[in-house]
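Please look over the sequence and the structure before reading on.

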Amino acid sequence: MIRGAVSEDLIPSIELPLGGEAWTATIDTGFNGGLELPERLFEELDPQYAGHITSVLAAGQVIDEDAYVVTIPFDGRLVEPYATFVSGDGVLIGTAVLAEHRLEIDFPNRHLVLERMSVIEDSSP
C-alpha cells in the first residue's frame, strides 16, 4: 500500500524513489501511459529504448516522443513501465502504472491511498 497526499492546489501525489532520491510524483488519471520523467534522471535509470510514440494531449495537441522501458521500485516490487523524458522537474504517473491498484483520493482531507489488488480472471465463456 502506498499513501500520498493532495496539495492545496488539489494535486494528488505520492513519493517515488528514483535515482537515489525521493521525488514527488503527480498521479495523473488522464494520462494512460506509464511515466513522464525529468531528463536529468535519464542516465541514472538506464532506460532501454522501446520505440517512438505519438501522444494526444488533453487539448488535442499531438506530440511525438521516444519511449523507454525503465525499472523502478513501486509498491514493494520492481516494475518496468514505459517512460518518456521531458525538460523540467515534474514526475507524472499514468494509469498504466496503476492498473493493478485501487486509487482512493480524499480531497477534503488531503490524502490518498493506492492499494494493489489481486487480479481476478473472468472465467465466463
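This is a predicted model: local features need pLDDT of at least 70, side-chain atom pairs count only at pLDDT 80 or more; totals for chains, interfaces and linings use all residues.

With which residue does E100 form a salt bridge? The partner of E100 is R77, and the closest N and O atoms of the two are 2.4 Å apart.

Ten strands make up an open sheet with mixed pairing. Their order across the sheet is β5-β6-β9-β4-β10-β3-β2-β1-β12-β11. The edges are held by β5 (48-56) and β11 (101-106); each has a single partner strand, so one side of each is left without a neighbour in the sheet. From one strand to the next, the twist averages 35 degrees.

One pairing within this order may be followed at the level of residues. Strand β1 (residues 2-6) and strand β2 (residues 12-18) are joined in the antiparallel sense over two bridges. Here V6 stands opposite P12 in β2.

## Aromatic pairs

The model contains four aromatic pairs. In one of them, the ring centres of F42 and F85 are 4.9 Å apart and the ring planes stand at 75 degrees; planes over 60 degrees apart count as edge-to-face, so this pair is edge-to-face. F42 belongs to helix α1 (residues 42-45) and F85 to strand β9 (residues 82-86), so that the pair links distant parts of the chain, 43 residues apart. F42 is partly exposed, because its relative accessibility is 27%, whereas F85, at 13%, counts as buried.

A further pair is formed by Y49 and Y68. Their ring centres lie 5.6 Å apart with the planes at 70 degrees, and the pair is therefore edge-to-face. Since Y49 is in strand β5 and Y68 in strand β6 (residues 62-69), the contact ties together parts that are 19 residues apart in sequence. Y68 counts as buried, with a relative accessibility of 14%. Ring pairs link F42, Y49, Y68 and F85 into a cluster.

## Salt bridges

Five salt bridges are counted in the model. One of them connects D89 with R40, with the closest N and O atoms 3.3 Å apart. D89 lies in the loop between β9 and β10 (91-93), and R40 in the loop between β4 (35-38) and α1, so the pair ties together parts that are 49 residues apart in sequence. D89 is exposed, with a relative accessible area of 52%.

Another salt bridge brings together the side chains of D75 and R116, at 3.6 Å from N to O. This pair also links distant parts of the chain: D75 is in the loop between β7 (72-74) and β8 (77-79), R116 is in strand β12 (residues 111-116), and they are 41 residues apart. D75 counts as buried at 13% relative accessibility, while R116 counts as partly exposed at 35%.

## The opening contact and a network

The salt bridge between E100 and R77 likewise links distant parts of the chain, 23 residues apart, with E100 in the loop between α2 (95-98) and β11 and R77 in strand β8. E100 is partly exposed at 35% relative accessibility, and R77 is partly exposed at 33%.

How values were computed
Residues are numbered from 1 along each chain as its sequence is written. Side-chain values use heavy atoms; hydrogens and water are left out. Two strands pair if DSSP finds at least two bridges between them. Helices (H or I, at least four residues) and strands (E, at least two) are DSSP runs, numbered from the N terminus. Axes are lines fitted to C-alpha atoms, for helices over the stretch in contact, and angles run from 0 to 180 degrees between N-to-C directions. Rings of Phe, Tyr and Trp (its six-membered ring) pair if their centres lie within 6.5 Å; planes under 30 degrees apart count as stacked, over 60 as edge-to-face and the rest as tilted. Buried means under 20% relative accessible area, exposed over 50%, partly exposed in between (1.4 Å probe, protein chains only). A salt bridge is a side-chain nitrogen of Lys or Arg within 4 Å of a carboxyl oxygen of Asp or Glu.
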